[in-house]
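Q: I would like to go through this structure and ask, for each label, what it rests on. Please set each value against its cut-off.

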Amino acid sequence: MTSLKSTALEPVRGSLRGLPLGRRIAGLLPVYGLVVLTVLLAVLFSVILPDTFPTWLNVRSILGDKAVVAMLSLAATVPMMTGKIDLTVGYGVVLWHILAISLQVAGVPWPLAVVIVLALGVLFGLLNGLLVEVAQIDSFIATLGTGTLTYAIALWWTGGRQVIGHLPQSFFELDIARIAGIPIPAFYVLGLAAVLWVISTYTPLGRYLYAIGANPRAAELNGISTRRYVMLAFMTSGLITAFAGVVLAARLRVGQASVGLEFLLPALVGAFLGSTTINPGRVNIWGTVVGVVILAIGISGIEQLGGAFWVEPAFNGATLLIAIGLAGWTGRRRGMARLVRPAPKPAPAGSLPTD
């Protein structure tokens with residue numbers, strides 16, 4: 001069963017050639033509209049809040065604070081390429097950050113603890129993939145079930161209390177280290193996005209994932225093992241989620257089951273927003289990064305204007321609705337344009353084709 005459908009709507013190469021400037025801009029607007037909106041939003045808050053928003057401190061705060069959400073958005077994007085949704089990106093980060101702390105408290109060296117958490121993340125993704133592809137359970141329901149189960153395990157393990165212990169300073173460096181003054185989690189996001197972009201854009205594996213997302217039956221008939229690649233997508237999502245949990249543990253320095261679930265909605269919003277830009281109508285890596293950036297800028301600006309505690313979830317939800325509405329409107333408009341486009345005139349008898 002397919003939860004999502006992935007079909008690109010961006011103009012094909014050369015389709016805008018020869019058109020008037022206004023129509024070319026209108027054609028490119030759905031592709032880069034969110035990027036332009038992100039810049040305009042940053043300029044707007046910089047004008048309104050000149051002393052606090054356009055500062056290096058604020059930029060560094062956004063890059064550091066939103067890195068975990070960005071990684072979880074990228075984790076959610078991978079199964080979305082195959083038309084599946086993974087809700088465990090929000091639930092899993094709860095368990096993985098607690099486990100990263102608990103293993104060290106039990107005496108496990110932090111590098112080994114990180115390896116164990118990452119390995120368990122892959123296995124957890126494999127479990128999700130088996131439920132979706134072998135048991136044929138809809139990905140929304142399957143990951144909601146396994147995610148809720150992991151959250152229950154986190155509550156049982158901690159007993160509702162914080163997991164506290166003496167942790168090495170080298171473990172904290174996973175979050176607090178700086179490169180040229182930029183928080184290192186921002187480089188995790190950049191590196192992860194670059195790797196996923198190369199794989200999804202320039203390798204057969206990426207084309208297989210998108211082919212499965214567009215039409216799994218057609219992909220199967222063309223010899224693509226949908227079961228294998230969907231399971232691989234969930235395992236990749238589990239691995240990235242586990243790494244985000246490790247970074248969160250290094251930031252919090254304690255394990256607590258009450259932290260992590262709040263990342264689920266912004267992570268999914270970032271991935272869905274990403275499907276409305278760069279390659280509108282299809283989830284894509286840089287689109288997801290742009291989606292997270294616009295959320296981070298919007299929320300940071302609103303909070304500095306004195307927004308209440310409920311503003312962030314309200315902003316995330318409203319942005320998601322607007323993004324999905326714009327994507328649907330763009331798709332319908334382009335479909336109507338194709339229907340009313342005049343058919344090419346037949347060439348005179350005896351003439352040679354021009355291309």
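Q: Why is arginine 251 called partly exposed?
A: In this predicted model, arginine 251 has a relative accessible area of 24%. Buried means under 20% and exposed means over 50%, with partly exposed in between, so 24% puts arginine 251 in the partly exposed class.

Q: What makes the pair of arginine 251 and aspartate 175 a salt bridge?
A: The closest N and O atoms of arginine 251 and aspartate 175 are 3.2 Å apart. The cut-off is 4 Å between a side-chain nitrogen of Lys or Arg and a carboxyl oxygen of Asp or Glu, so the pair qualifies. A search of the whole structure finds one salt bridge.

Q: Which parts does the pair of arginine 251 and aspartate 175 tie together?
A: Arginine 251 is in helix α11 (residues 226-252) and aspartate 175 is in helix α7 (residues 169-176), so the link joins parts that are 76 residues apart in sequence.

Q: Does aspartate 175 count as buried or exposed, and why?
A: Aspartate 175 counts as buried, because its relative accessibility is 10% and the limit for buried is under 20%.

Q: How do you know that the buried residues of α9 are on the same side of the helix?
A: In α9 (residues 204-214), the buried residues are Gly206, Leu209, Tyr210, Ile212 and Gly213. They cover an arc of only 160 degrees around the axis, which places them on the same side of α9. That buried set packs against α3 (67-81), α8 (184-202), α10 (216-221) and α11.

Q: What makes α12 largely enclosed by the rest of the structure?
A: Helix α12 (residues 264-274) has 10 of its 11 residues buried, so the rest of the structure largely encloses it. Among the buried residues of α12 are Leu264, Pro266, Phe272 and Gly274.

Q: Why is asparagine 128 called buried?
A: Asparagine 128, in helix α5 (residues 110-133), has 1% relative accessibility. The label needs a value under 20%, so asparagine 128 is buried.

Q: What makes the pairing of asparagine 128 with threonine 88 a polar contact?
A: The two side chains are 3.4 Å apart at this contact, and the limit is 3.5 Å for a pair of N or O atoms. Leaving aside neighbours within four places in sequence, asparagine 128 is also in contact with residues including Asp86, Thr143, Thr146 and Phe234.

Q: How do you know that threonine 77 is buried?
A: Threonine 77 has a relative accessible area of 0%, and the limit is under 20%, so the label holds. This residue lies in helix α3. Its side chain makes a polar contact of 2.9 Å with the side chain of threonine 288. Not counting residues up to four places away in sequence, threonine 77 also touches residues including Ala271, Val283, Asn284 and Ile285.

Q: Why is alanine 180 called exposed?
A: Alanine 180 has a relative accessible area of 74%, and exposed means over 50%, so the term applies. Its place is in the loop between β1 (178-179) and β2 (182-183).

Q: Why is glutamine 136 called partly exposed?
A: The relative accessible area of glutamine 136 is 47%. Exposed requires over 50% and buried under 20%, so glutamine 136 falls in between. Glutamine 136 sits in the loop between α5 and α6 (139-158), and its phi is near 55 degrees, a positive value in a residue other than glycine.

How values were computed: Residues numbered from 1 in each chain as written. Predicted model: local features only at pLDDT ≥ 70, side-chain atom pairs only at ≥ 80, totals over all residues. Heavy atoms only, no water. Helix = DSSP H or I, 4+ residues; strand = E, 2+ residues; numbered from the N terminus. Buried < 20%, exposed > 50% of the residue type's maximum accessible area, 1.4 Å probe, protein only. Arc of directions from axis to C-beta. Contact = heavy atoms within 4.5 Å. Polar contact = N/O pair within 3.5 Å; in protein donor to acceptor, adjacent residues only side chain to side chain.
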